[in-house]
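Biologist: I am new to reading models like this one. Please pick a single stretch of the chain, show me closely what sits there, and then lead me on to related spots.

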Amino acid sequence: MRQSQLFTKTRKQAPKDEVAKNAQLLIRAGFIHKEMAGAYSYLPLGLRVLNNIVQIIREEMDAIGGQEMILTALQSPNNWKKSDRWRDDAIDVWFKTELKGGGELGLATTHEEPLTALMSEYVQSYKDLPKYVYQFQTKFRNELRAKSGIMRTREFVMKDLYSFSRNEEEFRTFYEEVAKAYMKVFARIGLGDKTFRTFASGGSFSKFSDEFQTICDAGEDTIHLHRGKGIAVNKEIYTDEILADLSLKKNELEEVKAIEVGNIFPLGTRFSEVLGLTFKDESGNAQPVVMGSYGLGPGRLMGTIVEVLSDEKGIVWPKEVAPFSAHLISISSGNSDVVAEADRLYELLREHGIETLYDDRDVRAGEKFADADLIGVPSRVVVSEKTMSEGGVEVSNRSNGGTAIVPDSEIVERLRN
RNA sequence: CGGGGCGUAGUAUACCGGUAGUACGCCUGCUUUGGGAGCAGGUAGACCGAGUCCGAUUCUCGGCGCCCCGACCA
């Protein structure tokens with residue numbers, strides 16, 4: 001799109017009420033807008049990134065048999081009372097309200113209860129299982145303290161996947177598939193090198209759950225990492241007993257701060273039993289469905305990417321999540337030939353499906369460069385009198401700073417890589 | 001929820017018990033034009049309420065909002 005048409009603008013200064021790097025940069029660059037504490041709107045640039053992340057997750061969830069749907073954010077107390085989680089001391093982050101005609105209502109914090117109840121309408125036989133269902137849906141959590149920019153908010157989109165299996169073994173097999181799929185997601189969005197599967201508390205349903213933690217000093221969590229094995233243990237369960245269980249030695253572990261970017265956990269039959277999700281096995285006996293739950297927050301992933309990959313000049317988006325593939329910059333100094341050439345290139349790139357942000361604004365070069373650095377599109381393409389006299393354009397790489405003059409004929413090919 | 005801090009133009013910041021200055025932005029003009037230009041002119045501001053006071057943006061109290069530390073975080 002033409003940058004002159006973009007309604008957002010960049011800012012030189014970060015707002016005073018943001019300390020977190022992710023929020024400072026995303027607001028300065030015009031990706032998000034803070035509505036109130038713990039609530040951020042996604043502006044055109046931010047939405048493009050968010051949608052890219054969502055699409056990557058979608059592809060990986062579909063690849064392991066996930067079926068996408070969308071449940072309601074409005075929750076009736078009914079199912080939650082059956083699981084005894086309507087109480088404020090069971091889930092203390094409920095946003096609750098009332099219907100005009102009377103009756104309580106909650107805004108969804110998670111979806112085990114309604115989904116389990118829903119599935120009971122469709123699952124009756126062992127032949128109906130296993131099933132894997134997921135959604136991208138807005139969660140509301142009345143956090144006592146929102147913090148760290150978009151990392152911990154009161155309203156956020158979550159990808160939540162739920163598995164419905166016939167037995168523990170079938171559940172475990174899928175659980176491991178999800179773990180692998182998650183690592184693929186992290187690799188694709190540029191966090192693969194720094195993200196580790198981490199043993200965490202399993203709560204009341206299982207000995208362990210698994211978190212995915214991205215090493216980052218701005219993280220809220222502390223983990224003990226075994227780089228060689230590529231696994232970690234959350235500080236919360238870092239005890240001699242647990243280490244022995246996992247065959248890990250203290251002196252091989254490294255303590256680091258990390259951001260929890262995903263969490264998967266066994267639910268056992270905790271919800272299927274109380275909500276009546278059972279199936280008839282081969283012998284005709286009713287059995288409770290064995291469940292698992294798997295969460296990823298696209299917004300938090302976006303924030304983590306900014307925390308981990310940005311530099312002094314601004315954001316550095318990995319290719320697969322970047323709002324655009326190329327940032328075309330014209331430096332015309334009033335020269336209409338340069339403008340015409342930049343317009344021509346913009347059309348050329350569009351025809352070849354290369355998503356391009358075209359800085360056609362009438363501002364000085366320095367400002368365009370600074371904005372491009374801040375916005376963080378992977379490839380910068382500069383057209384000026386200088387590049388035209390050299391018979392091409394200047395293409396540079398946001399992450400490593402590499403620059404080259406590329407002949408007209410090779411531009412499309414170059415930007416596709 | 002415990003503790004701490006902060007609310008001044010669109011943004012970021014000063015000062016002050018006597019109605020506010022600077023920078024960026026924005027508007028006009030001229031010059032400039034490959035790393036956030038220069039000059040000139042202009043635009044725009046004290047969170048809300050009560051109290052003290054001749055007078056409150058400033059002091060006191062209350063409210064609302066925001067940030068940080070901790071706690072919490074299936």
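Modeller: Let's begin with V93, which is found in the loop between α3 (77-82) and β5 (95-98). These labels are DSSP runs numbered from the N terminus, with helices (H or I) of at least four residues and strands (E) of at least two. Residues are numbered from 1 along each chain as its sequence is written, while chains are lettered from A and ligands numbered from 1 in the order in which they are written. Please keep in mind that this is a predicted model, where local features need pLDDT of at least 70, side-chain atom pairs count only at pLDDT 80 or more, and totals for chains, interfaces and linings use all residues.

The scale here calls a residue buried if 20 or more other C-beta atoms lie within 10 Å of its own, exposed if 12 or fewer, and partly exposed in between, with C-beta atoms placed from the backbone. Leaving out residues up to four places away in sequence, V93 touches T109, R141, N142 and E143. Touching means contact: the C-beta atoms of two residues, placed from the backbone, lie within 7 Å. Look at T109 in particular: T109 and V93 are 16 residues apart in sequence, and their C-alpha atoms are 7.4 Å apart in space.

D84 is found in this loop between α3 and β5 too. D84 is exposed, because 9 other C-beta atoms lie within 10 Å. Its backbone deserves a glance as well: phi of D84 is near 60 degrees, a positive value in a residue other than glycine. For background, most residues other than glycine have a negative phi, and most peptide bonds are trans.

Now step back into helix α3, where P77 has its place. P77 is partly exposed, as 16 other C-beta atoms lie within 10 Å. Not counting residues up to four places away in sequence, P77 touches W86, E104 and G106. P77 and G103 are 26 residues apart in sequence, with 8.9 Å between their C-alpha atoms.

The peptide bond from L129 to P130 is cis, with omega near 0 degrees, and P130 is found in the loop between α4 (112-119) and β7 (131-140). Further along, S333 has a positive phi of about 45 degrees although it is not a glycine. S333 has its place in the loop between β17 (326-331) and α9 (336-351), and it is exposed, with 10 other C-beta atoms within 10 Å.

α10 gives the most, with eight residues. By type, the surface near RNA strand B divides into 16 nonpolar, 13 polar and 15 charged residues. Here Ala, Val, Leu, Ile, Met, Phe, Trp, Tyr, Cys and Pro count as nonpolar, Asp, Glu, Lys and Arg as charged, and the others, Gly among them, as polar.
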